[in-house]
There are 2 protein chains.
Amino acid sequence: MTDRARRPGGRSATVRRRVLDATLAQLVQHGYDSLSIDVVAERSGVHRTTVYRRWRDVGGLLADVLNEAADDAWLPPDTGTLEGDLVAVNREICTALTDEPVTVALIAASFRSGQAAEALRAFWTERYDRCAGLVRRAVERGEIPAGTDAYRLLIAATAPLYHELVLLRSAADARLPEIAARGAATAARAGAFTTR
Amino acid sequence: MTDRARRPGGRSATVRRRVLDATLAQLVQHGYDSLSIDVVAERSGVHRTTVYRRWRDVGGLLADVLNEAADDAWLPPDTGTLEGDLVAVNREICTALTDEPVTVALIAASFRSGQAAEALRAFWTERYDRCAGLVRRAVERGEIPAGTDAYRLLIAATAPLYHELVLLRSAADARLPEIAARGAATAARAGAFTTR
């Protein structure tokens, strides 16, 4: 895909905005089964042929929704401590999983569409990459040992939120971001995530 | 539901066995969308009316698959250390998530059927309850502080597996059970999961 196609401006950007908005609205309101090129074309007011040519199918639409979501300037907050940084990230994840129906709808869709699954995986991987900075800062401050595996630590800090809120469908517990962050930060300080 | 209906013997048990086997085989081979009372009746050789009367719909079939899976004598192994016990449990989870297609198929189905989601939640909750014993033993051995929240510790130990293998769809990493167990056990020893 060329840069121009990936970051279109003007009319192309407007078309993409309308199509992706329509995809998201349809997914959240009526679920994956209701999604189709025809429905999204109708809802967005963009010609069916255009939608088909550019996104091909439902998988292509969902993948582009996630590509677009990834295309922001988000960076993890810098609170001054590892545990504080992890709590802040976890609070954002918690809000997304409990207050933004689209997040869980996209996760659910990833079980239906291989393309959506791949895009979701790429989205998360890139988010974890961006969070590596908070692990590096903690190493530089001497909070955790050099050689700490950033990815392992970040998975430990965030996985309990996905497990509880998405898979176990537990009632949201306001302490969840703190508990998960504390567990991971404590283990990291004790060297549990250093690569051997 | 009466005890007799829940734990039927003889012909009733045979019918249940055939219907649940057919449900599982159909789910694994052809996916959730292919499941219906008619298909399961056909595949099991059990009369449609019987299947409909007893299980009602696809949600009822999946819920009973999970109810039956829960009806075993499984207990976590006793290896003599907290970390060893958690590694053993994690290895079992990893095997289920990577080698037994039905596990991920049931998780995927939980995004389609509220009844399957509720049954899966009940299944996991009961499994975590059974694992509370390994936390109690660790407290009794003095490995971790009294007042350690068993559920929080068990979620920390197991959630990374579900996150990596189910949601992130990472390639199976043979060290995953050990890494997740070590993180949770280290945090528990340092008191990260004691209730305040």
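**The cysteines of chain A**

Author: Buried residues make up 52% of the 196 residues in chain A, where buried means under 20% relative accessible area, with a 1.4 Å probe and protein chains only. This is a predicted model, in which local features need pLDDT of at least 70 and side-chain atom pairs count only at pLDDT 80 or more, while totals for chains, interfaces and linings use all residues. Residues are numbered from 1 along each chain as its sequence is written, chains are lettered from A and ligands numbered from 1 in the order in which they are written, and side-chain values use heavy atoms, with hydrogens and water left out.

The setting is helical, since chain A has 10 helices and zero strands, taken as DSSP runs (H or I, at least four residues, for helices; E, at least two, for strands) numbered from the N terminus.

A disulfide is a covalent bond between the sulfur atoms of two cysteines, and here the term is applied to a pair of cysteine sulfur atoms within 2.5 Å. Searching the whole structure over all chains gives zero disulfides. A:Cys94 takes part in none, and its nearest cysteine sulfur, that of A:Cys131, is 15 Å away. Seen from the other end, the sulfur of A:Cys131 has A:Cys94 as its closest cysteine sulfur at 15 Å, which is too far for a bond.

Both residues are also buried: A:Cys94 has a relative accessible area of 11%, and A:Cys131 has one of 4%.

Note on methods: Buried < 20%, exposed > 50% of the residue type's maximum accessible area, 1.4 Å probe, protein only.
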